[in-house]
Amino acid sequence: MYTAKNFGSVMLAIWAALLLAGLVALALGRWSLAFVTMATLALSLVPPTLASRWSLTLPVPFLLATTLFFFASIFLGEAFDFYERLWWWDLALHGFSAIGFGLIGFLFVFMLFEGDRFAAPPSAIAFVAFCVAMTIGAVWEIFEFGMDQVFGLNMQKSGLMDTMGDLMINTVGSLIASVTGYLYLVRNAAGPLGRSLAQFIALNRRLYQKSKNRLKK
């Protein structure tokens, strides 16, 4: 079970700021701002909640990255209109999120094989990770469409052009993540992203029993 000491001070500060901003918005009758703020806070709490439910241990950098992503995409993007102020804001977020989803996809697929890198070709595992990241990216576009239609937001901006641009960036990020997973399997190293994979596997060794000997190297 996660406690406050499991989270970095930056994450706790962001959560506290979001909660305070949401309460102030409610008090002032700023309903749209209150909704965006509380939605950001709720989504940022999903990863640690699911991790506790599924008995997973998430590295603090991963939790910080997901918190910052939701904060940047929903709170800063919508409440402070960063999507309009900075033309590259949406593209950067989609690129980084695609890399993250691709790494998650790799860890999930690798977990299905209990950490046995010989159970399937590394290229096959990397391809499935790529597909997972692309699927999540497509679902996010559906989410943006739903938010725009139901709550009157403007997450899709220019409509079709914005969606296609996001999917193209998502493809690049997904490819980076899948290549990282491939190099991690064949070379046991893939830079900072590869180290993040190794950290998660080390914290959840029971899910990757067949990789124990590899982790000891």
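**Notes on the predicted model**

1. Ser55 sits in the loop that joins helix H3 (46-53) to H4, where helices are DSSP runs of H or I with at least four residues, strands are runs of E with at least two, and both are numbered from the N terminus. This is a predicted model, in which local features need pLDDT of at least 70 and side-chain atom pairs count only at pLDDT 80 or more, while totals for chains, interfaces and linings use all residues. Residues are numbered from 1 along each chain as its sequence is written, and side-chain values use heavy atoms, with hydrogens and water left out.

2. Although Ser55 is not a glycine, its phi is positive, at about 60°. Ser55 is partly exposed, with a relative accessible area of 48%; buried means under 20%, exposed over 50% and partly exposed in between, for a 1.4 Å probe and protein chains only. Asp81, in the loop between H4 and helix H5 (82-85), likewise has a positive phi, near 60°, and is partly exposed at 34%. For context, most residues other than glycine have a negative phi.

3. The axes of helix H1 (residues 9-28) and helix H4 (residues 60-79) come within 9 Å and cross at roughly 30°, the axes being lines fitted to C-alpha atoms over the stretch in contact and the angles running from 0 to 180 degrees between N-to-C directions. That makes H1 roughly parallel to H4 (under 35 degrees; over 145 is roughly antiparallel, 65 to 115 roughly perpendicular and the rest oblique). The residues that meet, with heavy atoms within 4.5 Å, include Ile14 and Trp15 in H1 and Leu68 and Phe71 in H4. By class, this contact of H1 with H4 has 12 nonpolar, 1 polar and no charged residues.

4. H6 and H8 pack with their axes 7 Å apart, at an angle of about 40°, which makes H6 oblique to H8. The contact of H6 with H8 comprises 11 nonpolar, 9 polar and 3 charged residues.

Key:
Ala, Val, Leu, Ile, Met, Phe, Trp, Tyr, Cys and Pro count as nonpolar, Asp, Glu, Lys and Arg as charged, and the others, Gly among them, as polar.
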